[in-house]
Amino acid sequence: MDLEKLSADKGNLINNVDVDGGSTVNQARFIINDANASGAEANDISIKSDNTIQNSDIKSGSNVKQTYTEITNGSTVKQLDIELTNIIEDVTSDQSDINNTTISQGTLTVNGASEVTAFTQKSIGNSMQNVDADDANLTQNSILVTNGSTITDFKNEDGATDKPTNSMVAVTATNGAKVSQNTNTFNDAQIDGLRTKQANSVENVDIATNSIIQGNIEIRSSEVKDFDVEFTNTIKNLDITGEGTTEQGVLIVTDSNGTGDATVETLDIKATNTLTDTDSDTSSIVQSKTSILGKDGRSVVSGLELDQTNTIESSSADGERDNNATKATISQAETLITDSTVTGMTQTFVNDVKQVEISDSTLSQGNTIITNSDVTNLDMTQTNTVNGSTIKNGSTVTQGMTTIEGQE
């Protein structure tokens with residue numbers, strides 16, 4: 001099956017609808033599937049989708065997908081352009097009920113040894129506003145490339161001019177809810193030339209026993225070359241409780257699936273991670289953690305540049321501490337290299353904690369651990385600051401610690 005030149009402009013609206021009982025809602029779903037191994041090939045495809053769900057309740061195990069793209073079973077795609085706008089909101093005085101639901105906005109999956117060349121995805125905006133999302137799984141701008149697939153020349157662009165690319169505002173997410181914005185996962189894949197720029201924002205959200213992920217990259221037993229990333233991750237005015245996990249700008253390189261070494265050549269990450277006016281109770285907060293791990297084989301990394309700014313702060317003009325961290329674990333710019341080979345790694349970190357009350361908690365800034373690895377030309381520049389804060393009740397603060405074990 002061959003598809004040559006397709007242009008589609010789709011506007012989809014669901015308004016004032018109740019979706020219940022394990023139902024499925026798809027808006028702008030695009031699938032290329034070589035199901036019978038006859039050689040599915042698509043060339044010169046342009047898709048523009050504008051999807052809105054408003055004033056609607058979606059619950060009880062239902063599944064909602066807005067702008068979902070899947071390329072599978074050995075398909076070949078050349079010159080694919082997607083422009084997407086996805087909105088879920090309640091414009092009334094009540095919150096929409098999306099409890100126990102899986103919702104994805106802007107998902108790309110490439111699997112089954114498929115090949116994609118010259119792909120541009122432009123996000124005008126993925127947004128969720130004024131919704132109750134207890135025990136829900138909320139995903140915005142997710143990329144998964146797996147099972148021997150290849151992507152060459154992929155641009156994941158920020159098309160928003162006056163707002164974040166991915167945003168969640170006035171969301172209640174408790175009882176194990178999961179929130180992720182702009183996650184990139186490469187598992188047994190080949191990537192050559194990827195540019196991604198995204199702004200992620202979570203604001204005025206109640207969080208309990210959950211996870212929040214912004215701008216994470218996982219490279220597992222894959223070959224990645226020429227990868228340029230720019231993230232702005234913002235969390236503001238949150239109440240995080242119940243042993244939740246918050247991650248901003250986490251990079252993992254590992255060979256953990258046993259299909260071969262993980263190899264990364266020329267990876268440039270620029271990230272600005274900010275937590276403002278956020279209370280953290282019995283939770284884990286991680287900003288800019290880099291893990292290069294060997295397990296079944298060895299991770300090999302060369303030409304890695306990290307330029308990251310991490311801030312936890314209060315916005316109060318009078319110096320009042322609106323941030324509280326009780327029985328929390330906070331990490332800024334931690335680097336872990338184990339059983340790997342790293343050549344040419346440059347780290348520039350600015351870590352700042354200001355006007356935060358830290359009680360019975362652990363705070364680490366700029367800590368590096370290297371174990372059983374070969375590291376050449378590691379250049380670290382760090383500025384670690386704790387300013388105008390209170391540290392009490394047996395808390396531990398560590399800045400700029402380097403540990404080297406098992407090296408010759």
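A salt bridge here is a side-chain nitrogen of Lys or Arg within 4 Å of a carboxyl oxygen of Asp or Glu. This is a predicted model: local features need pLDDT of at least 70, side-chain atom pairs count only at pLDDT 80 or more, and totals for chains, interfaces and linings use all residues. Residues are numbered from 1 along each chain as its sequence is written, and side-chain values use heavy atoms, with hydrogens and water left out.

By the salt-bridge rule, the count is 10. The table lists three of these pairs.

| Salt bridge | Closest N and O atoms |
|---|---|
| Asp374 and Arg298 | 3.5 Å |
| Lys48 and Glu83 | 3.9 Å |
| Lys155 and Asp153 | 3.0 Å |

Take Asp374 and Arg298, whose closest N and O atoms are 3.5 Å apart. Asp374 sits in strand E33 (residues 374-387) and Arg298 in the loop between strand E24 (290-293) and strand E25 (299-313), so the pair ties together parts 76 residues apart in sequence. Strands (E, at least two residues) are DSSP runs, numbered from the N terminus. Salt bridges that share partners also join Glu313, Asp352 and Lys354 into one network.

Lys48 and Glu83 form a salt bridge. Lys48 belongs to strand E4 (residues 41-54) and Glu83 to strand E7 (residues 76-89), so this pair ties together parts 35 residues apart in sequence.

Next, accessibility. Buried means under 20% relative accessible area, exposed over 50%, and partly exposed in between (1.4 Å probe, protein chains only). Asp374 is partly exposed at 49%, and Arg298 is partly exposed at 26%. Lys48 is partly exposed at 41%, as is Glu83 at 27%. Lys155 is partly exposed at 30%, and Asp153 is partly exposed at 36%.

Terms used: Helices (H or I, at least four residues) and strands (E, at least two) are DSSP runs, numbered from the N terminus.
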